[in-house]
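Here's a quick briefing to read with the model open beside you. Take the topics one at a time and find each spot as you go.

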Amino acid sequence: AQTGSHPVTCVSWTDAKAYVQWLSKTTGHTYRLPTASEWEYAARAGTEASRPWNAGGSSACASANVADQHAARQFPGWQVFPCDDGYVYTSPVGSFKANAFGLNDMLGNVLQWTEDCWHPDYSGAPVDGSARSYGDCTQRELRGGSWFTTPSLVRVSYRNHFGVDYRTSTLGIRVVRNITP
């Protein structure tokens with residue numbers, strides 16, 4: 001069951017773009033999807049670590065809603081973390097420790113759409129933090145892993161992609177507000 005405290009799910013990239021356009025118009029501020037570079041910078045929060053928990057993953061459930069022992073009881077055979085976060089599907093936003101930048105749910109819970117067009121590697125990627133606006137723009141990059149993602153893939157450098165109109169319960173959004181100095 002989802003409540004207003006859960007992340008937005010089942011939204012396509014097209015839906016997410018329409019939402020930030022509506023939010024910008026409604027509030028008078030500029031909102032947008034993060035670029036993949038911005039997303040990774042925010043997720044790393046000043047560290048070089050690929051994830052904020054121990055290598056074995058037993059402490060993952062203190063930091064993120066991930067595929068875990070709780071989910072394995074519902075879905076036998078899943079590859080899961082050796083911990084129990086208490087959730088099978090999405091969890092309320094902010095249920096786990098924030099990162100060093102004070103951001104919650106950068107890893108786990110739901111994969112998050114970015115502005116970037118899909119490209120299989122970083123060759124030719126912008127070096128200024130802007131979004132990749134070339135490549136396969138019918139597919140967009142997602143970051144962060146979800147409650148469903150295989151443990152080895154829940155890390156800040158993990159990249160996934162889907163078509164701009166794809167929706168599922170493991171996909172969501174994070175928005176960025178531009179601030180003018």
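Cys 61 and Cys 83 form a disulfide, with their sulfur atoms 2.1 Å apart; the term is used here for a pair of cysteine sulfur atoms within 2.5 Å. Keep in mind that this is a predicted model, where local features need pLDDT of at least 70, side-chain atom pairs count only at pLDDT 80 or more, and totals for chains, interfaces and linings use all residues. Residues are numbered from 1 along each chain as its sequence is written, and side-chain values use heavy atoms, with hydrogens and water left out.

**Disulfides**

- A disulfide is a covalent bond between the sulfur atoms of two cysteines.
- The link of Cys 61 and Cys 83 is right-handed, with 70 degrees about the S-S bond.
- Cys 61 sits in the loop between helix 2 and helix 3, and Cys 83 in the loop between helix 3 and strand 2, so the pair ties together parts that are 22 residues apart in sequence. (Helices, H or I with at least four residues, and strands, E with at least two, are DSSP runs numbered from the N terminus.)
- Cys 61 is buried at 10% relative accessible area, and Cys 83 is buried at 9%. (Buried means under 20% relative accessible area, exposed means over 50%, and partly exposed is in between, using a 1.4 Å probe and protein chains only.)
- The other disulfide joins Cys 117 and Cys 137, whose sulfur atoms are 1.9 Å apart.
- This pair links distant parts of the chain, with Cys 117 in strand 2 and Cys 137 in strand 3, 20 residues apart.
- The link of Cys 117 and Cys 137 is right-handed too, with 95 degrees about the S-S bond.
- Cys 117 counts as buried, at 1% relative accessibility, while Cys 137 counts as partly exposed, at 28%.

**Strands side by side**

- Strand 2 (111–118) and strand 3 (residues 136–143) pair in the antiparallel sense over four bridges. (Two strands pair if DSSP finds at least two bridges between them.)

**Ala 36 and its contacts**

- Ala 36 is in helix 2 and counts as buried, at 7% relative accessibility.
- Leaving out residues up to four places away in sequence, Ala 36 touches Thr 114, Asp 116, Glu 141 and Arg 143. (Contact means heavy atoms within 4.5 Å.)

**Two positive phi angles**

- Ala 45 has a positive phi of about 50 degrees although it isn't a glycine.
- You'll find Ala 45 in the loop between helix 2 (36–44) and helix 3 (69–74), where Ala 45 is buried at 7% relative accessible area.
- Asn 109 isn't a glycine either, yet its phi is positive, at about 65 degrees.
- Asn 109 is in the loop between helix 3 and strand 2, and is buried at 1% relative accessible area.

**Two partly exposed residues**

- Val 175 lies in the loop between strand 5 (171–172) and strand 6 (176–177) and is partly exposed, at 31% relative accessible area.
- Cys 10 counts as partly exposed, at 38% relative accessibility.
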